[in-house]
Amino acid sequence: MLDWAQEAGVMWQYFVLFLFSIIPWVDVSLVVPLGVIWGLHPIAVGMAAFVGNLILILLLGFFFKQFTGWRTERRLKKGKTEPTKRETRSKRIWDKYGVPGLAVLAPILVGTDIAAVLALTFGSSKVRVISWMTVSLAVWTIVFAIGSVYGFSFANLI
């Protein structure tokens, strides 16, 4: 697929990055560096990654009850009753810092989508979770775009 995407037009490359960013567990921390090393413009890559991740956060916020029911049923089918390592880490951050701390640390520790689900599971309001995750996503997108440009150019990869 990467060969096809590299040979496709620029708009298709941005669209592929956008689709990657909508996939759960694929965060701006992965999509932005991928787009920058792919040779695309960092601001457009950041915008595509931000919008894709934000759509996922909004969908999770608005359809949280349905998602939780589906996820619980799926985990029970697999025989999983214990929290995962990511859930345990998120709960520790939640207990210590609340929604703002989870939102700020999420992209580098557990992912914004998982953090949003966990914050909603722990009882935060949809508006509060979506607001904090949006701010966090915007800040981390800028950080990863700048870091990717300077990091890859320092390593002579772009």
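Helices, which are DSSP runs of type H or I with at least four residues, are numbered from the N terminus, as are strands, which are runs of type E with at least two. The structure described here is a predicted model, in which local features need pLDDT of at least 70 and side-chain atom pairs count only at pLDDT 80 or more, whereas totals for chains, interfaces and linings use all residues. Residues are numbered from 1 along each chain as its sequence is written, and side-chain values use heavy atoms, with hydrogens and water left out.

Two packed helices are described by the angle between their axes and the distance between the axes. Here an axis is a line fitted to C-alpha atoms, for helices over the stretch in contact, and the angle between N-to-C directions runs from 0 to 180 degrees. The axes of H2 and H3 come within 9 Å and cross at roughly 165°, and these two helices are therefore roughly antiparallel to each other (angles under 35 degrees count as roughly parallel, over 145 as roughly antiparallel, 65 to 115 as roughly perpendicular and the rest as oblique). Helix H3, which spans residues 28-37, also packs against H4 at an angle of about 150°, with the two axes 9 Å apart. That angle makes H3 roughly antiparallel to H4. The crossing of H2 and H3 is right-handed, and the crossing of H3 and H4 is right-handed; a crossing is given this name if the near helix is turned clockwise from the far one by less than a right angle, and is called left-handed if the turn is anticlockwise.

The loop between helix H2 (10-22) and H3 contains Trp25, for which phi is near 75°, a positive value in a residue other than glycine. Trp25 counts as exposed, at 53% relative accessibility, where exposed means over 50% relative accessible area, buried under 20%, and partly exposed in between (1.4 Å probe, protein chains only).

Helix H4 covers residues 42-62 and includes Val51, and Val45 lies in H4. Val45 counts as buried, with a relative accessibility of 0%, whereas Val51 is partly exposed, with a relative accessible area of 38%. Although Val45 and Val28 are 17 residues apart along the chain, their C-alpha atoms are separated by 9.6 Å. Val51 belongs, together with Ile55, Leu59, Phe62 and Phe63, to a nonpolar surface patch of about 450 Å². Such patches are made of residues with over 30% relative accessible area and no salt bridge, nonpolar side chains (Val, Leu, Ile, Met, Phe, Trp, Tyr) being joined within 5 Å and like charges within 9 Å; a salt bridge is a side-chain nitrogen of Lys or Arg within 4 Å of a carboxyl oxygen of Asp or Glu. The accessible areas come from the Shrake-Rupley method with a 1.4 Å probe, and for residues only the protein chains shown count as cover.

The C-alpha atoms of Gln66 and Phe20, 46 residues apart along the chain, are separated by 23 Å. Gly98, located in helix H6 (residues 85-109), is buried, with a relative accessible area of 18%, and its C-alpha atom is separated by 9.6 Å from that of Phe122, 24 residues apart along the chain. Gly147 is placed in helix H8, formed by residues 126-154, and counts as partly exposed at 41% relative accessibility. Gly147 and Pro33 are 114 residues apart in sequence, yet 8.4 Å apart in space, C-alpha to C-alpha.
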